[in-house]
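Please look over the sequence and the structure first, and then follow the headings below.

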Amino acid sequence: MSAKAISEQTGKEFLYKYICTSAAVQNRFRYATVTAETDWDRLTQEHPWLLTERLVVKPDQLIKRRGKLGLVGINLDLQGVREWLKARFMKETTLNCKNVLVFGLPLYLLSQEEEFYVCVYATREGDHVLFHHEGGVEVGDVDAKAQRLMVAVDDKLSEDQVKEQLLTHVPDEKKEILASFIVGLFNLYEDLYFTYLEINPLVVTQDGVYILDMAAKIDATADYICKAKWGDVEFPPPFGREAYPEEAYIADLDAKSGASLKLTLLNPRGRIWTMVAGGGASVVYSDTICDLGGVDELANYGEYSGAPSEQQTYDYAKTILSLMTREKHPLGKVLIIGGSIANFTNVAATFKGIVKAIKDYQGPLKEHEVTIFVRRGGPNYQEGLRVMGEVGKTTGIPIHVFGTETHMTAIVGMALGHRPIPNQPPMDAHTANFLLNASSSAKTPATTRTASFSEPRTSNDVTPAKKSKAGLPPAKATTLFRKHTKAIVWGMQTRAVQGMLDFDYVCSRDEPSVAAMVYPFTGDHKQKFYWGHKEILLPVYKNMADAMKKHPEVDVLISFASLRSAFDSTVEAMQYPQIHTIAIIAEGIPEAQTRKLIKMADEKGVTIIGPATVGGIKPGCFKIGNTGGMLDNILASKLYRPGSVAYVSRSGGMSNELNNIISRTTDGVYEGVAIGGDRYPGSTFMDHVLRYQDTPGIKMIVVLGEIGGTEEYKICQGIREGRITKPVVCWCIGTCATMFASEVQFGHAGACANQASETAVAKNQALRDAGAYVPKSFDELGNVIKTVYDELVANGTIIPAEEVPPPTVPMDYSWARELGLIRKPASFMTSICDERGQELIYAGMPITEVFKEEMGLGGVLGLLWFQRRLPRYACQFIEMCLMVTADHGPAVSGAHNTIVCARAGKDLISSLTSGLLTIGDRFGGALDAAAKQFSKAFDSGMLPMEFVNKMKKDGKLIMGIGHRVKSINNPDMRVQILKDFVKQHFPSTQLLDYALDVEKITTSKKPNLILNVDGLIGVAFVDLLRTCGGFTRDEADEFVEIGALNGIFVLGRSMGFIGHYLDQKRLKQGLYRHPWDDISYVLPEHMSM
């Protein structure tokens, strides 16, 4: 939702902080918020004026007409306020007071002559300013009584306008102050992205103005613009409805996700629960439940859409399952997992999260006798339904699954007992059956129909745009898309582009509909795509200007820009006269920006589809982005050739459902557009209905309207006036809203009725009265469409044509693998880490568990190197090894190389690599060699003396023995620390004991032949692997053999090398040159002569 109501306190804070006016605004910040838990002593310390001034008290809970309802206490002292609150706090009569605002009273007795009413609210065309000279409790019907001034989009309000048009009944002495205040208020309204701002009463005295009562809404999507001024705004729930922590949890998930997740609890004790995919579909399911008498048992409204991840879907599903299994119902409960046909969401992937939640809650679900009904369509939906049916069989929970062969809302009737549940519902063919047909031809077939399916093909089906009259803005085109339409796609949306090219190919277009892509975050390059069976390259440009210049044939822009950049990129696109149509996919663009785009588009004759849309489709010609879903749905709904029916919808998911319904009940779709769910879509229902009326190939029109706004009444007017003569089948979703006890914001931002005429019920009745074909419910929409179509066929208006099979389009390898149709050996195998899911997994352990268990670096190393969760002492030993091997001064070869490299101006990676390359048997790499030598001698039963003698006889050094500086008399403390720890914590130290016996022999010959740190770590690690209980003997030996122990030194010493690199850079050391006097030049004698 974009427009969200804020508390009176928040609204007044914004006004007091940021209003710019010459009028003196009095009583600033003289208010205090009180709840049932308020500490009154502390409150009076923070607000001492409460003890001395007369006070007003009222609930701050998004309710209007508080004065008439007896919810305002006036002219009270603090004790009077407390007594007033005591009688009302948390008491449910008609209303339930929880959050209360107390503020200082500027005047005790006010006449209506001193009280004024002012309101600013947004519409599509501009912002309306209402003013009435008699405000207060008895203001009455301000819509009828108030003076009104409309400020067009991008226009400014002046004090002269206010005086002339609004203040005609105000005394002269108050006009200046009021005019200044109203202009300041309007500027504040614009700057802080308000959508509604009402003050009643506004009191004007000789001291200035007093804002006594305020109601306001702001555009929540403008948070990224207004964050600095707004701060963290809390949006209170609608009055009359509890705020539940689960709602806040889902709202938080929604805020952190690119997907859409919504949840509103209506009746937590209800037996009917829903989990619906899609903003439009969620409203349709709620409507159907209420139509079938389930309104009192409907527990929740909610929706998930926009391709949420498996984890996000799991979190959403487990929240609903947790809520519905808290209280039993005598009739058991039903869960409706519904949705329309998805355009781009992988249904099987989202169902994985739901299935996981069902498995986790299978006990409570069976205990509460929950029956689950599932209906879904879209990419890979067959696999999703299979998995859902399978979990029903394995858990014993009754789960009934249905696909696109079943009407979307049929499962509601089944769930509520109004229609029988089929034993084995007919299943549509699998995706593979559509795409991998028997045809062996790789060639594109001859061009098929491009005119309406019901008519013979003509040479030109294009209706030219009407010419505009002189002095008027250019007229918009009647035909948006043709067989040869070319588009530029803004954004690196390769999947959507490939879908468009596959659609083009199956429609037998001669060339791809995408001419180029624009992506500002890379340089110009080529991107590879498939055109049927062959690969092609499409240009990608960094700048839109280059793309437009090099592709003058393009007249459509499809913008996948983010909500933050969509406005600027659309404004830029409209600077090019070649662009006639722009589709804006992004959801969440601030309404003020959208209205500016609409005004600019109207001036330039550009048609905007969106924002917040999936786009539109013209079968046989062109499709926008992901519209129509994947090829299986394109083919199933016969969208590769035109039919006779055109539709317009708000919802993207529901537009795909209309594709399905129309293809099953008529000869198919001629054109379909989803105008988007925002309050101000770039083009309206009427814009497209009139286009359809003027297009000869279209014989009937379907409109799927929605609660909120008044656009449907223009269709009524068009029918009455004879402008629209073709049959119109229309249904407005959202009829359930009038049955709910409190306001519910549905999935679309514009789906909210601000007055009775904007309700779906009122609009459906008006359409019915005007002569449109209006079903009794969405359930009957398909039947009504079929009835009208059959009549048109019967009277000869539509003559169905023979089907022409589409060409075969090969399936992408990645999608074929997703569907399980092919297999291929992987190029790589890994068994230590998986980053594909919601959270990183180390050797089967989620990263959150790693931190929860406080495993530390040693524990992580155990998971990644050894695929084991090592004992605590083993993790500590690993960390100690890393600490003692981290550095050994700048003189050793590795550190020396790193320093030289750093001083030569090389980067960190190069310098580190230079040092690491010196590690081997002579420096640092003795861990593996020592472990192998001592293990082999010990395992063969060789005595320590025999081992020393053999190595001497073979002329080999004993790895891990000897030190240049340290000796038996000057022991290495690193060795001592590690040895003490190992002796104390390891269950057995056989190999270490053996090595220490060898040390006794070697040091008796020379005191510096001690067991050094490499040797100790090597033999101790062998003891660890063999005796910690996590490895077999063969596994322990294998880790030694493959070089795991040297990794300890490499990892530890890397820390030291990096330290030396940073040290040299910090000290700004110059290029190193080795001094001559430290080099012995030994040249052959004859050469020196």
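How many bridges join strand S29 to S30, and in which sense do the two strands run? Six bridges join strand S29 (residues 700-706) to S30, and the two strands run parallel.

## Basis of the description

The model is a predicted one, in which local features need pLDDT of at least 70 and side-chain atom pairs count only at pLDDT 80 or more, while totals for chains, interfaces and linings use all residues. Residues are numbered from 1 along each chain as its sequence is written, and side-chain values use heavy atoms, with hydrogens and water left out.

## The chain as a whole

The chain has 39 helices and 33 strands, where helices (H or I, at least four residues) and strands (E, at least two) are DSSP runs numbered from the N terminus. Of its 1089 residues, 55% count as buried, a term that means under 20% relative accessible area, with exposed meaning over 50% and partly exposed in between (1.4 Å probe, protein chains only). Among contacts (heavy atoms within 4.5 Å) between residues at least 6 apart in sequence, 73% join residues at least 24 apart.

Strands S29 and S30 belong to an open sheet of six strands, which has the order S26-S25-S28-S27-S29-S30 and mixed pairing; two strands pair if DSSP finds at least two bridges between them. Strand S26 (622-623) and strand S30 (728-733) stand at the edges, each with a single partner strand, so one side of each has no neighbour in the sheet.

Axes are lines fitted to C-alpha atoms, for helices over the stretch in contact, and angles run from 0 to 180 degrees between N-to-C directions.

## Leu792 in helix H25

Leu792 lies in helix H25 (residues 781-794), and it counts as buried because its relative accessibility is 8%. Leaving aside neighbours within four places in sequence, Leu792 is in contact with Lys699, Met700, Pro727, Thr797 and Ile798. Leu792 and Met700 are 92 residues apart in sequence, yet 8.6 Å apart in space, C-alpha to C-alpha.

## Nonpolar cores

A nonpolar core is a set of buried Ala, Val, Leu, Ile, Met, Phe, Trp, Tyr and Cys residues joined through side-chain atoms within 4.5 Å. The largest such core has 104 residues, and those with the most contacts inside it are Ile558, Phe622, Met700, Val702, Val703, Ile715 and Phe778. Helix H16 (residues 494-506) gives the largest share of this core, seven residues. Apart from it lies another core, of 62 residues, among them Tyr873, Val884, Met959 and Phe1057.

## Helices H18 and H19

Helix H18 (residues 566-573) and helix H19 (residues 591-604) pack at an angle of about 5°, with their axes 10 Å apart. H18 and H19 are therefore roughly parallel to each other, since angles under 35 degrees count as roughly parallel, over 145 as roughly antiparallel, 65 to 115 as roughly perpendicular and the rest as oblique. On the H18 side, Phe567, Thr570 and Val571 meet Gln593, Lys596, Leu597 and Met600 in H19.
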